[in-house]
Amino acid sequence: MVWPSSVRGLLVTEAVRGEGGILLNAKGERFMERYDPARMELSTRDVIARAIYSEVNEGRGSPHGGAYLSIAHKPARFIRAKLPSMYQQFISFAGVDITREAMEVFPTTHYAMGGIRVEPASCQTAIPGLFAVGEAAAGLHGANRLGGNSLSDLLVFGRRAGEAAGERARQISPHASVRRRHRGSRAGAACALGAPKWRIARIANG
Ligand SMILES: Cc1cc2nc3c(=O)[nH]c(=O)nc-3n(C[C@H](O)[C@H](O)[C@H](O)COP(=O)(O)OP(=O)(O)OC[C@H]3O[C@@H](n4cnc5c(N)ncnc54)[C@H](O)[C@@H]3O)c2cc1C
């Protein structure tokens with residue numbers, strides 16, 4: 001959203017384009033014809049973002065410095081059913097009824113492209129015991145992330161990091177050294193069952 005200024009930067013979901021929304025400049029031109037005639041508004045978001053930026057830069061932007069995104073050509077019932085949160089967001093923040101009017105939009109930041117180097121199999125960073133995944137970790141998506149694949153990235157690498165962190169915690173836990181010390185004894189058996197240290201010590205000391 002580019003307007004009102006209090007909510008400038010608030011995300012307008014890509015689903016608006018996915019459900020058939022079209023992008024127009026101040027002259028009413030469907031400008032994606034110039035940038036990606038085959039895919040039009042279903043183009044990738046880096047292409048869309050550059051196209052909007054170019055239109056605004058070349059003086060064909062909307063009054064608040066964006067482009068128009070309209071889905072008003074679809075039936076109101078369809079819009080309210082498919083895009084309920086967008087319908088509410090524009091009504092409450094901008095007083096715009098998207099079933100009848102166009103939204104004003106501009107590219108915004110909503111994803112950090114990493115920074116921390118990790119070892120891919122475990123997500124271990126250069127600092128032993130520190131693991132990183134998601135937006136904090138580097139490189140998985142290269143210089144551009146396609147829509148919708150951040151959450152699958154988190155599921156895969158979150159699991160790897162969780163398992164590696166759990167394994168490391170088991171190796172360095174105080175129980176591990178106690179277990180080694182009492183291996184083969186009754187105290188060792190209590191240890192294996194996860195008994196608290198005071199109980200293991202009591203068994204070990206008779
Ligand atoms: C509006 C919006 C819509 C999106 N839609 C989609 C989508 O449809 N599909 C998709 O795949 N991706 C989507 N994304 C991207 C995706 O949601 C994020 O990339 C993902 O959630 C990032 O996960 P993360 O674990 O890396 O970071 P986060 O989810 O940001 O988690 C970081 C956590 O760390 C906590 N934290 C920060 N600093 C500290 C600190 N100092 N101490 C302790 N805790 C701290 C934060 O509170 C937060 O809970 C969307 C993002 C936005 C903003």
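How many residues has helix 3, and how far does helix 3 reach from its first C-alpha to its last? The points below take up this helix and then the chain.

1. **Basis of the note.** This is a predicted model, in which local features need pLDDT of at least 70 and side-chain atom pairs count only at pLDDT 80 or more, while totals for chains, interfaces and linings use all residues. Residues are numbered from 1 along each chain as its sequence is written.

2. **Helix 3.** Helix 3 (residues 45-57) has 13 residues and reaches 18 Å from its first C-alpha to its last, close to the 18 Å expected at 1.5 Å a residue. The expected span is 1.5 Å times one less than the number of residues. Helices (H or I, at least four residues) and strands (E, at least two) are DSSP runs, numbered from the N terminus.

3. **The buried side of helix 3.** In helix 3, the buried residues are Ile48, Ala51, Ile52 and Glu55. They lie on the same side of helix 3, because they cover an arc of only 95 degrees around the axis; the arc is that of the directions from the helix axis to the C-beta atoms. An α-helix has 3.6 residues a turn, so residues three or four places apart point the same way. A residue is buried if 20 or more other C-beta atoms lie within 10 Å of its own, exposed if 12 or fewer, and partly exposed in between, with C-beta atoms placed from the backbone.

4. **Partners of helix 3.** The buried residues of helix 3 pack against helix 2 (32-35) and strand 2 (67-70). Two residues are in contact if their C-beta atoms, placed from the backbone, lie within 7 Å.

5. **The whole chain.** Nine helices and three strands are found in the chain. The chain is more spread out than a compact globule, because its radius of gyration is 27 Å, well over the 17 Å that the globule rule gives for 206 residues. The radius is taken over C-alpha atoms, and the rule is 2.2 Å times the number of residues to the power 0.38. Along the principal axes, the C-alpha atoms fill a box of roughly 90 × 35 × 30 Å. Buried residues make up 21% of the 206 residues.

6. **Leu146.** Leu146 lies in the loop between strand 3 (103-105) and helix 6 (150-172). Leu146 counts as exposed, because it has 10 C-beta neighbours inside 10 Å.
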